[in-house]
Amino acid sequence: MAQDSTRTSDKVKVAAAVDFGTYGTGFAWSVIEWKNENPESREIRYPSYRTGRGVIRSKSLSAVLTTSDGEVAEWGHTARERWQRLVSGRDTGWGYATGYKMALRADTGETGVAQASGTADVSGIDAVRTLVVGILSRVRTAAEKDMAASGYLPDEVRWCLTVPAIWDEEDKQFMRDAAVRAGFPADDDRLLLAIEPEAAAITGFLGVGTLIDGSGRTDQVPLAKAGTRLMVVDCGGGTIDITAYESLRDDQIRLGEIGKVCGGRLGSEFLNLAFRTELLADRLGAGIVSGMADEYPEELQRMEDQFEKYKLDDILTVRDSDGTLRFDESARLSVDVPGEVWELLTEERRKELEQASGRRYRLTYSAGEAQKVFDRLVDPILDSVEEQLTAMEATPAMAGDGGVPYECMLLVGGFSASEYLRDRVHARFGARIRVLRPPNHEYAVLEGAVHYAYNPDMMVSRRAKYTYGVEMVMPWEEADGPERCEVIYGEPRCKERFRLLVARGQPIEMDERAEMGFRPTYRNTRSVQLAFYRTMAKQPRYVTEKGCERIGAIVVDVPAQHRKKSNEYDFTLRVYFGGTEIKVEAVDDLTNQVTPGTITFHRMH
């Protein structure tokens, strides 16, 4: 593969990435130098974390230990171990939180799999922001220390922070704001955001895919070929993110987005939540389970670890005569109950559980009970994959008419280790698309994010998730009807028009922009503020139509000379939709002077 050409200043010497997930978080980095120019042989450096069971991993937990005022004191496995010791010693005033990435909409009551114990809080956006800023600050510090050991300074680093594809613009703006508060550079060129499955696609197109054909046979599939199409199914802890890309070059990683963004809040942590709130609660009682996080966190963790192993490794399946996969009857779920928890039960309840399982200190669940919990997540995941595959099939080739060399699906993320999920995916889609899983499936996003930080030019084009536009007063037309006609400054005008900037599904190159000209109505106007809208409709006419949602405001300064009566020139608003984030600027048509604008989304108010 040919070497990359990067847009790197002399000052930037390191490309670093942080993958902040619902379950796990980690960082990695690579030195920008001649021997790393080829991404296939690029050296990427990872830290090592020791889990509570002594296993060495390159990512740690997203768990945080908090002080009484909500500040993050520790993160990762260290936070979990210290919390368990503090609770055992009845040391009050501390808190512990997990899954809080999924509580970004906490102000609406949608906290998802977020869990808070002790004094920790995930009930409001400000509390969640404190946790996110806290862990990002500590990860940044750890990464800078790691890089400093090799002689690199913080101002020599270009960072990339990953975000889910299903996130909206306000979520991305929240994450950028949190990262800047955590000490990451505020400069857009030194703090990039990468879409998580997009980063995994970069890893996939480097040719690391392993074919899964349902029989246990594996074949390496070369993907770095123009025209190859790759659907990425990122099976994370909080979300399932599905996007698709086409390779546009043979000799370099140059990707164009195809299909549509699919997925949802279907990550594996929702299985863990169901284990606690349904399976355990059914046997032990909801009251006992709800109190275990604060009173017996270590014992609860031991029980969850047993479910985690079952979830990923121990499920045997059989195929019915109609082709349906189901849990084999031998795939019962057994959970050993710590003695401290067993003693919380009534004597009558202990006898019932002992009779059902055949021994004391054990809970058992039939294969059907366990599968019911799994399928509540797996079924909608498969439906989202179907939606993406249908969109891919309807999208014309981008790299010429030479056909599609390969069309593949790449399963990444921690939940992709689930044999049941992989079996269900292959059973439904194996005849239509090659199903791949890279050997480093858990770190595919993090690795790809380092490559993206090294060379952002790997992404050539994306597709608009929504139709975006601004509210304008525009010349009245007969199609508007007489009821919408209003005379303004002697001219018939129509208010509440939707001035379309980009349509849903439209392919947009990275530097492509939508433009519209302005001339201030009042000469003393110093800035223009436009209501920013989105909708799923392709050609809305009015911002009041059903489905049109006001999501924020675009603000640009009016160049000084445009405030003079003698000025006859317009200025131009440019809106860039091809990047991970939407950007805006104003351009003086007389002098070509560019002034950056801002887009403020509602949640950031």
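The largest cavity holds about 240 Å³ of space. On a 1 Å grid over the protein atoms alone, a cavity is a set of points where a 1.4 Å probe fits but cannot get out, a pocket is an open set with protein on both sides within 12 Å along at least five of seven lines, and lining residues have an atom within 4 Å of a point. Grid points are joined across faces, edges and corners, and a volume is the space filled by probe spheres set on the points. The model is a predicted one, in which local features need pLDDT of at least 70 and side-chain atom pairs count only at pLDDT 80 or more, while totals for chains, interfaces and linings use all residues. Residues are numbered from 1 along each chain as its sequence is written, and side-chain values use heavy atoms, with hydrogens and water left out.

Of the 19 residues lining the largest cavity, Lys172, Arg462, Arg463, Lys465 and Gly579 are the closest to its centre. At least two lining residues each come from α3, β13 (240-247), β14 (255-264) and β21; helices (H or I, at least four residues) and strands (E, at least two) are DSSP runs, numbered from the N terminus. The lining of the largest cavity has nine nonpolar, three polar and seven charged residues, where Ala, Val, Leu, Ile, Met, Phe, Trp, Tyr, Cys and Pro count as nonpolar, Asp, Glu, Lys and Arg as charged, and the others, Gly among them, as polar.

The second largest pocket contains about 1200 Å³ of space. It is lined by 41 residues, and Arg176, Asp188, Asp189, Glu581 and Lys583 are the closest to its centre. Helix α3 gives the largest share of this lining, five residues. By class, the lining of the second largest pocket has 15 nonpolar, seven polar and 19 charged residues.

Elsewhere, helices α6 (residues 286-295) and α7 (residues 297-312) pack at about 115°, their axes 6 Å apart; axes are lines fitted to C-alpha atoms, for helices over the stretch in contact, and angles run from 0 to 180 degrees between N-to-C directions. Met292, Ala293, Asp294 and Glu295 of α6 make the contact (heavy atoms within 4.5 Å) with Pro297, Glu299, Leu300 and Met303 of α7.

Asp480 sits in the loop between β22 (467-475) and β23 (486-488). Asp480 counts as buried because its relative accessibility is 2%, whereas Tyr489, at 59%, counts as exposed; buried means under 20% relative accessible area, exposed over 50%, and partly exposed in between (1.4 Å probe, protein chains only).
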